[in-house]
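Visitor: I am new to this structure. Could you guide me through part of it?
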Amino acid sequence: MKRHDAASGCDNKILFYCEKNKEASFYEDVRHGVSGGFILHRSRGGVDEYSELTCAEFKDLAVKAHENGFISYFKLRRLLKTVEPGLRADKNITSFETVTLRESGMRFVCDKEIVMKDGKAEVSYYNIIYDRGSDEDRRELNTRAVVDAADVLNVLNKVRLASWDGFHGAHPKNVTDGIMFSLSAKVNGGAEIHAGGSENFPPKYRELTDWFYKVFSEADEKAKNDDGEDA
(Lines give C-alpha, C1' and ligand atoms only; values in the text may rest on other atoms or scores of the structure.)
Protein backbone atom coordinates (compact mmCIF):
# COMPACT_ATOMS: atom_id res chain seq x y z
CA MET A 1 0.00 0.00 0.00
CA LYS A 2 1.60 3.26 -1.19
CA ARG A 3 0.98 6.50 0.73
CA HIS A 4 -0.82 9.23 -1.19
CA ASP A 5 -0.03 12.85 -0.31
CA ALA A 6 -3.36 14.67 -0.43
CA ALA A 7 -7.14 14.44 -0.76
CA SER A 8 -6.96 16.16 -4.17
CA GLY A 9 -5.92 12.83 -5.67
CA CYS A 10 -9.25 11.12 -5.01
CA ASP A 11 -12.97 11.65 -5.50
CA ASN A 12 -15.13 12.83 -2.63
CA LYS A 13 -17.61 10.04 -3.27
CA ILE A 14 -17.14 7.07 -0.93
CA LEU A 15 -17.37 3.69 -2.64
CA PHE A 16 -17.70 1.84 0.65
CA TYR A 17 -16.69 1.94 4.30
CA CYS A 18 -14.28 -0.70 5.61
CA GLU A 19 -14.44 0.29 9.28
CA LYS A 20 -16.35 2.96 11.12
CA ASN A 21 -16.49 4.04 14.76
CA LYS A 22 -18.19 7.38 15.29
CA GLU A 23 -17.56 7.44 19.03
CA ALA A 24 -13.81 7.06 18.56
CA SER A 25 -13.77 9.34 15.46
CA PHE A 26 -12.16 6.57 13.45
CA TYR A 27 -13.06 5.25 10.05
CA GLU A 28 -11.69 3.83 6.81
CA ASP A 29 -13.27 4.19 3.40
CA VAL A 30 -12.33 3.50 -0.22
CA ARG A 31 -12.70 6.06 -3.02
CA HIS A 32 -11.80 6.33 -6.70
CA GLY A 33 -8.44 7.88 -7.53
CA VAL A 34 -8.76 10.75 -10.01
CA SER A 35 -6.13 9.15 -12.27
CA GLY A 36 -7.68 5.69 -12.03
CA GLY A 37 -7.30 3.03 -9.38
CA PHE A 38 -8.50 3.26 -5.80
CA ILE A 39 -7.58 5.23 -2.68
CA LEU A 40 -7.93 4.16 0.94
CA HIS A 41 -8.84 7.09 3.19
CA ARG A 42 -8.16 6.75 6.91
CA SER A 43 -9.31 9.29 9.46
CA ARG A 44 -8.15 9.07 13.06
CA GLY A 45 -9.27 11.87 15.35
CA GLY A 46 -9.46 14.31 12.46
CA VAL A 47 -6.08 13.34 10.98
CA ASP A 48 -6.51 12.13 7.39
CA GLU A 49 -4.27 9.69 5.54
CA TYR A 50 -4.58 8.52 1.92
CA SER A 51 -3.04 5.42 0.34
CA GLU A 52 -3.09 3.98 -3.17
CA LEU A 53 -4.43 0.45 -3.39
CA THR A 54 -3.40 -2.46 -5.57
CA CYS A 55 -6.20 -4.64 -6.99
CA ALA A 56 -5.46 -7.31 -4.38
CA GLU A 57 -5.63 -4.77 -1.54
CA PHE A 58 -8.88 -3.35 -2.93
CA LYS A 59 -10.44 -6.84 -2.99
CA ASP A 60 -9.27 -7.59 0.56
CA LEU A 61 -10.84 -4.36 1.83
CA ALA A 62 -14.10 -5.07 -0.02
CA VAL A 63 -14.28 -8.50 1.64
CA LYS A 64 -13.54 -6.84 4.99
CA ALA A 65 -16.37 -4.35 4.41
CA HIS A 66 -18.76 -7.21 3.70
CA GLU A 67 -17.66 -9.11 6.81
CA ASN A 68 -18.13 -5.95 8.89
CA GLY A 69 -21.67 -5.59 7.57
CA PHE A 70 -21.14 -2.36 5.59
CA ILE A 71 -21.96 -3.82 2.17
CA SER A 72 -24.16 -6.66 0.95
CA TYR A 73 -22.90 -9.79 -0.76
CA PHE A 74 -24.29 -8.51 -4.06
CA LYS A 75 -22.43 -5.20 -3.77
CA LEU A 76 -19.28 -7.14 -2.86
CA ARG A 77 -19.60 -9.11 -6.09
CA ARG A 78 -20.05 -5.92 -8.12
CA LEU A 79 -16.98 -4.36 -6.50
CA LEU A 80 -14.83 -7.43 -7.11
CA LYS A 81 -15.88 -7.52 -10.75
CA THR A 82 -14.62 -3.95 -11.25
CA VAL A 83 -11.02 -5.06 -10.66
CA GLU A 84 -11.16 -8.62 -11.96
CA PRO A 85 -14.10 -9.41 -14.25
CA GLY A 86 -13.33 -13.14 -14.32
CA LEU A 87 -16.31 -15.37 -14.96
CA ARG A 88 -19.64 -13.58 -15.31
CA ALA A 89 -22.20 -14.75 -12.79
CA ASP A 90 -24.78 -15.48 -15.47
CA LYS A 91 -22.37 -17.29 -17.80
CA ASN A 92 -22.89 -20.98 -18.48
CA ILE A 93 -20.14 -23.42 -17.66
CA THR A 94 -19.24 -25.23 -20.87
CA SER A 95 -16.26 -27.25 -19.63
CA PHE A 96 -14.47 -28.05 -16.40
CA GLU A 97 -11.17 -29.39 -15.13
CA THR A 98 -11.75 -29.72 -11.39
CA VAL A 99 -14.37 -28.89 -8.80
CA THR A 100 -13.40 -29.44 -5.15
CA LEU A 101 -15.82 -28.93 -2.27
CA ARG A 102 -14.38 -29.28 1.24
CA GLU A 103 -16.79 -29.55 4.15
CA SER A 104 -15.93 -29.75 7.82
CA GLY A 105 -17.84 -30.09 11.07
CA MET A 106 -17.20 -31.00 14.68
CA ARG A 107 -16.22 -34.60 13.87
CA PHE A 108 -15.37 -34.74 10.18
CA VAL A 109 -13.55 -33.14 7.28
CA CYS A 110 -14.10 -34.36 3.73
CA ASP A 111 -13.48 -33.46 0.11
CA LYS A 112 -16.05 -34.04 -2.60
CA GLU A 113 -14.24 -33.68 -5.89
CA ILE A 114 -14.95 -33.82 -9.61
CA VAL A 115 -12.02 -34.28 -12.01
CA MET A 116 -12.24 -34.42 -15.79
CA LYS A 117 -10.23 -37.43 -16.98
CA ASP A 118 -10.16 -39.05 -20.42
CA GLY A 119 -13.49 -37.57 -21.44
CA LYS A 120 -15.26 -38.75 -18.29
CA ALA A 121 -15.81 -37.17 -14.91
CA GLU A 122 -14.35 -38.89 -11.84
CA VAL A 123 -16.40 -38.03 -8.76
CA SER A 124 -14.57 -38.87 -5.52
CA TYR A 125 -15.26 -38.69 -1.80
CA TYR A 126 -12.18 -38.31 0.41
CA ASN A 127 -11.97 -38.44 4.18
CA ILE A 128 -9.41 -35.92 5.43
CA ILE A 129 -7.09 -37.52 7.96
CA TYR A 130 -4.94 -35.56 10.38
CA ASP A 131 -2.05 -37.66 11.60
CA ARG A 132 -0.94 -37.11 15.16
CA GLY A 133 2.28 -35.14 15.34
CA SER A 134 1.93 -33.81 11.78
CA ASP A 135 0.82 -30.37 10.62
CA GLU A 136 -0.34 -31.72 7.26
CA ASP A 137 -3.49 -33.58 6.37
CA ARG A 138 -3.89 -36.41 3.89
CA ARG A 139 -6.79 -37.58 1.79
CA GLU A 140 -8.13 -41.12 2.11
CA LEU A 141 -10.37 -42.26 -0.75
CA ASN A 142 -13.75 -43.50 0.45
CA THR A 143 -15.89 -43.71 -2.71
CA ARG A 144 -15.36 -43.03 -6.41
CA ALA A 145 -17.70 -43.05 -9.38
CA VAL A 146 -17.32 -42.26 -13.07
CA VAL A 147 -20.14 -40.24 -14.64
CA ASP A 148 -20.79 -38.52 -17.95
CA ALA A 149 -19.30 -35.05 -18.25
CA ALA A 150 -22.66 -33.84 -19.62
CA ASP A 151 -24.33 -34.83 -16.34
CA VAL A 152 -21.78 -32.80 -14.38
CA LEU A 153 -22.21 -29.74 -16.62
CA ASN A 154 -25.95 -30.02 -16.19
CA VAL A 155 -25.76 -29.92 -12.39
CA LEU A 156 -23.10 -27.17 -12.30
CA ASN A 157 -25.29 -24.92 -14.42
CA LYS A 158 -28.46 -25.95 -12.60
CA VAL A 159 -27.00 -24.71 -9.30
CA ARG A 160 -25.49 -21.67 -11.12
CA LEU A 161 -22.01 -22.43 -9.82
CA ALA A 162 -20.55 -19.46 -11.73
CA SER A 163 -22.58 -17.12 -9.51
CA TRP A 164 -20.90 -18.55 -6.39
CA ASP A 165 -17.57 -16.92 -7.25
CA GLY A 166 -16.56 -14.52 -4.50
CA PHE A 167 -19.16 -15.75 -2.00
CA HIS A 168 -18.03 -15.25 1.62
CA GLY A 169 -20.65 -16.56 4.02
CA ALA A 170 -19.96 -15.15 7.49
CA HIS A 171 -21.02 -17.40 10.38
CA PRO A 172 -24.49 -16.38 11.63
CA LYS A 173 -24.74 -14.75 15.04
CA ASN A 174 -25.92 -16.92 17.96
CA VAL A 175 -25.12 -20.13 16.04
CA THR A 176 -22.63 -22.17 18.07
CA ASP A 177 -21.59 -24.74 15.47
CA GLY A 178 -22.38 -25.91 11.96
CA ILE A 179 -20.78 -26.82 8.65
CA MET A 180 -17.93 -24.88 7.11
CA PHE A 181 -17.22 -25.15 3.40
CA SER A 182 -14.74 -24.00 0.81
CA LEU A 183 -15.09 -24.50 -2.92
CA SER A 184 -12.57 -24.07 -5.71
CA ALA A 185 -13.12 -24.88 -9.37
CA LYS A 186 -11.40 -24.49 -12.72
CA VAL A 187 -13.86 -24.18 -15.61
CA ASN A 188 -14.23 -22.86 -19.15
CA GLY A 189 -10.58 -23.27 -20.07
CA GLY A 190 -9.01 -21.56 -17.07
CA ALA A 191 -11.61 -19.43 -15.27
CA GLU A 192 -11.58 -19.98 -11.52
CA ILE A 193 -14.41 -20.03 -9.00
CA HIS A 194 -13.81 -19.61 -5.27
CA ALA A 195 -16.36 -19.57 -2.47
CA GLY A 196 -16.50 -20.25 1.23
CA GLY A 197 -18.59 -19.88 4.34
CA SER A 198 -19.57 -21.16 7.76
CA GLU A 199 -23.20 -22.29 8.15
CA ASN A 200 -23.89 -19.69 5.47
CA PHE A 201 -24.22 -21.01 1.93
CA PRO A 202 -24.82 -19.70 -1.61
CA PRO A 203 -28.19 -20.35 -3.29
CA LYS A 204 -28.74 -23.93 -4.47
CA TYR A 205 -25.81 -25.20 -2.36
CA ARG A 206 -27.97 -28.04 -1.04
CA GLU A 207 -28.81 -29.13 -4.58
CA LEU A 208 -25.12 -29.67 -5.28
CA THR A 209 -24.52 -31.63 -2.07
CA ASP A 210 -27.66 -33.70 -2.74
CA TRP A 211 -26.26 -34.55 -6.18
CA PHE A 212 -22.96 -35.67 -4.64
CA TYR A 213 -24.87 -37.79 -2.11
CA LYS A 214 -26.85 -39.47 -4.90
CA VAL A 215 -23.70 -40.26 -6.92
CA PHE A 216 -21.86 -41.71 -3.91
CA SER A 217 -24.89 -43.69 -2.70
CA GLU A 218 -25.35 -45.29 -6.11
CA ALA A 219 -21.62 -46.09 -6.29
CA ASP A 220 -21.69 -47.73 -2.84
CA GLU A 221 -24.78 -49.76 -3.74
CA LYS A 222 -23.15 -50.94 -6.97
CA ALA A 223 -20.02 -51.97 -5.09
CA LYS A 224 -22.10 -54.03 -2.63
CA ASN A 225 -23.94 -55.77 -5.44
CA ASP A 226 -20.70 -56.51 -7.27
CA ASP A 227 -19.20 -57.98 -4.08
CA GLY A 228 -22.28 -60.15 -3.62
CA GLU A 229 -22.04 -61.54 -7.14
CA ASP A 230 -18.34 -62.32 -6.68
CA ALA A 231 -19.11 -64.26 -3.48
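This is a predicted model: local features need pLDDT of at least 70, side-chain atom pairs count only at pLDDT 80 or more; totals for chains, interfaces and linings use all residues.

Visitor: Which residues of helix α2 are buried?
Guide: In α2, residues 73–83, the buried ones are Tyr73, Leu76, Arg77, Leu79, Leu80 and Val83. Buried means under 20% relative accessible area, exposed over 50%, and partly exposed in between (1.4 Å probe, protein chains only). Helices (H or I, at least four residues) and strands (E, at least two) are DSSP runs, numbered from the N terminus.

Visitor: Why are they on the same side of α2?
Guide: They lie on the same side because they cover an arc of only 165° around the axis, taken from the directions from the helix axis to the C-beta atoms.

Visitor: And which residues are exposed on the other side?
Guide: Phe74, Arg78 and Thr82 are exposed there.

Visitor: Changing topic, where is phenylalanine 70 found?
Guide: Phenylalanine 70 is in the loop between α1 and α2. It counts as partly exposed because its relative accessibility is 36%.

Visitor: What does phenylalanine 70 touch?
Guide: Leaving aside residues up to four places away in sequence, phenylalanine 70 touches Tyr17, Cys18, Glu19, Lys20 and Ala65, where contact means heavy atoms within 4.5 Å.

Visitor: How far apart are phenylalanine 70 and phenylalanine 16 in space?
Guide: They are 7.3 Å apart, C-alpha to C-alpha, and 54 residues apart in sequence.

Definitions and conventions:
Residues are numbered from 1 along each chain as its sequence is written. Side-chain values use heavy atoms; hydrogens and water are left out.
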